[in-house]
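My entries follow in the order I made them.

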Amino acid sequence: MRKKWWHDGIVYQIYPKSFYDTNGDGYGDIQGIINRLDYIKDLGVNIIWISPVYQSPMVDHGYDISDYYEIDPMFGTMKDMDQLIEEADKRGIKILMDLVINHTSDQHEWFLRAMEDLEGPYADYYIIKEGNGGNPPNNWRSIFGGSAWEKIEGTNKYYLHLFTKEQPDLNWENEKLREELYKMVNYWLDKGIGGFRVDAITHIKKHPSFEGRPADREDGLVNAWDMYANVPGIEVFLNELKERTFLPHDAMTVGEAMSLDVNCLSNYIKEDGFFSTVFDFSYNEGIEDEASYEKQQYSVKEIKEAMFTYQLEAQKYGFVSEFIENHDQPRALNKFIPKENRNFYSGSMLGTMYFYLRGIPFLYQGQEIGMMNYEKKSIDEYVDVSTFEIYEKALLDGLSQVEALNLVNRRSREHARTPMQWDASEYSGFSGGKPWFPVNPDYTMINVASQLQEEQSLLSYYKKLTRLRNSTEYKNLFIYGEFKPAYTEMENIIGYERVDKDMRVLILNNYDSHGTRIELKDGIQKILLNNYDILTMDGNILELQPYQSVVCKLKRSR
Ligand code: NOJ
């Protein structure tokens with residue numbers, strides 16, 4: 001395997017709107033990221049992924065881009081962006097931008113021109129079809145709810161939008177459009193960024209038949225994944241994109257490859273695959289049953305099965321990106337841990353559980369201090385389109401308003417988007433002005449300033465996680481070593497080894513509010529990390545406390 005600069009990456013994701021505001025307008029900005037680079041560096045991170053900062057009407061918080069070559073004034077200027085790249089570089093940090101090329105904003109010049117002249121060249125940049133007897137061309141449902149087609153006023157034509165109607169899908173079949181996109185991607189890479197996180201990329205190819213499918217709900221619509229996710233032929237576009245842009249720049253690319261079957265991983269992440277790596281959604285979303293509203297928590301068994309299946313398959317070809325939080329997910333402590341057990345131990349156990357898997361670890365802003373969901377008292381306190389979709393669907397499925405609110409209080413992606421909690425001062429030190437989205441009131445307890453002081457804080461623990469992963473002695477093993485499940489017979493233990501020809505390291509996580517005893521099969525040579533002060537051993541019996549995690553070097557015997 002050819003070694004790549006990003007193999008030793010530890011990535012920190014920034015949601016800029018909510019990270020740090022330097023001009024007091026209530027929105028985080030690029031200067032805010034620059035201001036906090038030393039904090040990020042100190043975390044042991046060497047790559048930053050920034051959610052979109054391009055010019056945007058912000059219908060989907062920047063994932064609706066109206067100009068790929070401009071920075072939105074909310075975040076600053078291109079000068080700020082250049083400065084960020086430079087300042088990050090000085091600290092040995094690479095920047096990944098968010099690449100949103102499945103769709104643009106409906107305010108993008110291409111789309112405006114397309115709407116002005118439906119026979120003109122720009123109309124073919126988008127997917128526009130004749131209606132079907134006064135109805136949309138087919139019954140595909142948008143990922144954010146409702147029909148995926150929007151009628152073009154005064155005509156019988158519709159344009160396709162897999163997300164909001166303000167995010168029209170681009171027509172990748174059009175070569176000119178593809179050329180425009182490659183030019184733009186190269187513009188950014190030429191600036192010296194490290195690469196991209198690539199948004200919604202499995203959707204760029206649509207099935208040429210544009211066939212409908214039997215409805216899957218009473219609205220008559222259908223989530224027709226086989227028609228617009230990983231459709232055969234997508235490999236032509238993905239290879240071309242890679243060859244024309246990423247490859248010549250030696251860029252790191254992380255595909256947001258939703259609904260990617262584990263058996264199709266190879267084409268995406270192998271050495272000459274479409275991307276450097278893709279996110280492992282298996283245990284974050286893959287086990288979620290949308291229909292089961294009662295389900296409050298994932299079981300350890302489900303998490304483990306999904307995670308290990310993905311790991312075992314992925315390591316045959318390359319690297320996946322491992323995470324427990326991002327801007328589309330509720331907070332990890334809420335998602336993975338029952339209410340009464342959310343504390344330092346369960347938080348640090350979650351971190352340890354995924355940090356030494358084979359792949360690139362990602363951290364999301366605030367995860368390192370254990371930020372939690374901010375539950376709202378009314379649906380009106382939410383602002384995001386996808387929250388409303390979950391809520392409306394739940395009502396249609398017969399849930400009461402209270403039950404539907406409880407549901408979004410558990411599942412909404414907006415919990416990840418509350419302002420970063422820097423300290424206990426007004427607005428959590430995020431901004432001098434009123435933030436665009438309310439700060440979680442728990443900020444007086446959970447914030448960076450207090451955790452920086454404490455040895456026993458989650459923040460200090462995350463630094464230990466990165467320090468061990470980055471250490472000269474173990475780095476190679478954690479990057480390239482084989483992943484091997486361990487103690488799988490113990491239902492509430494997430495255990496695995498990382499093994500290479502010189503070393504074996506065992507990672508044991510007691511994912512349980514009760515203590516447990518494990519009969520160790522191998523001798524321990526050295527404890528590398530422990531989220532408790534104690535470790536109880538009786539001969540070869542290891543006694544683990546509730547949510548205890550230990551990382552240990554094993555005596556070499558196998
Ligand atoms: C995935 C992004 O992560 C999400 O935030 C966005 O709404 C959709 N793609 C559409 O771009």
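**Entry 1**

Two strands count as paired if DSSP finds at least two bridges between them. Strands are DSSP runs of E with at least two residues, helices are runs of H or I with at least four, and both are numbered from the N terminus. I noted 3 bridges in the antiparallel pairing of β7 with β8 (residues 157–160). W149 stands opposite L160 in β8.

**Entry 2: what I am reading**

The model is predicted: local features need pLDDT of at least 70 and side-chain atom pairs pLDDT 80 or more, while totals for chains, interfaces and linings use all residues. Residues are numbered from 1 along each chain as its sequence is written, and side-chain values use heavy atoms, with hydrogens and water left out.

**Entry 3: the five-stranded sheet**

I then found an open sheet of 5 strands, ordered β14-β15-β16-β21-β18 and antiparallel in its pairing. Its edge strands are β14 (482–486) and β18 (524–530), each pairing on one side only. The twist from one strand to the next averages 25 degrees. β16 (residues 504–510) and β21 (residues 549–554) pair in the antiparallel sense over 5 bridges. Here V505 stands opposite K553 in β21.

**Entry 4: a helix pair**

I checked how α12 (residues 385–396) packs on α13 (residues 401–411): the angle is about 145 degrees and the axes are 9 Å apart. Axes are lines fitted to C-alpha atoms, for helices over the stretch in contact, and angles run from 0 to 180 degrees between N-to-C directions. Contact means heavy atoms within 4.5 Å. Among the residues that meet are I390 and Y391 in α12 and L405 and V408 in α13.

**Entry 5: aromatic pairs**

How many aromatic pairs does the structure hold? I read 46. Rings of Phe, Tyr and Trp (its six-membered ring) pair if their centres lie within 6.5 Å; planes under 30 degrees apart are stacked, over 60 edge-to-face and the rest tilted. The W49 and F279 rings have centres 5.6 Å apart and planes at 35 degrees, so this pair is tilted. W49 lies in β2 (residues 47–50) and F279 in β11 (residues 277–279), so the pair ties together parts 230 residues apart in sequence.
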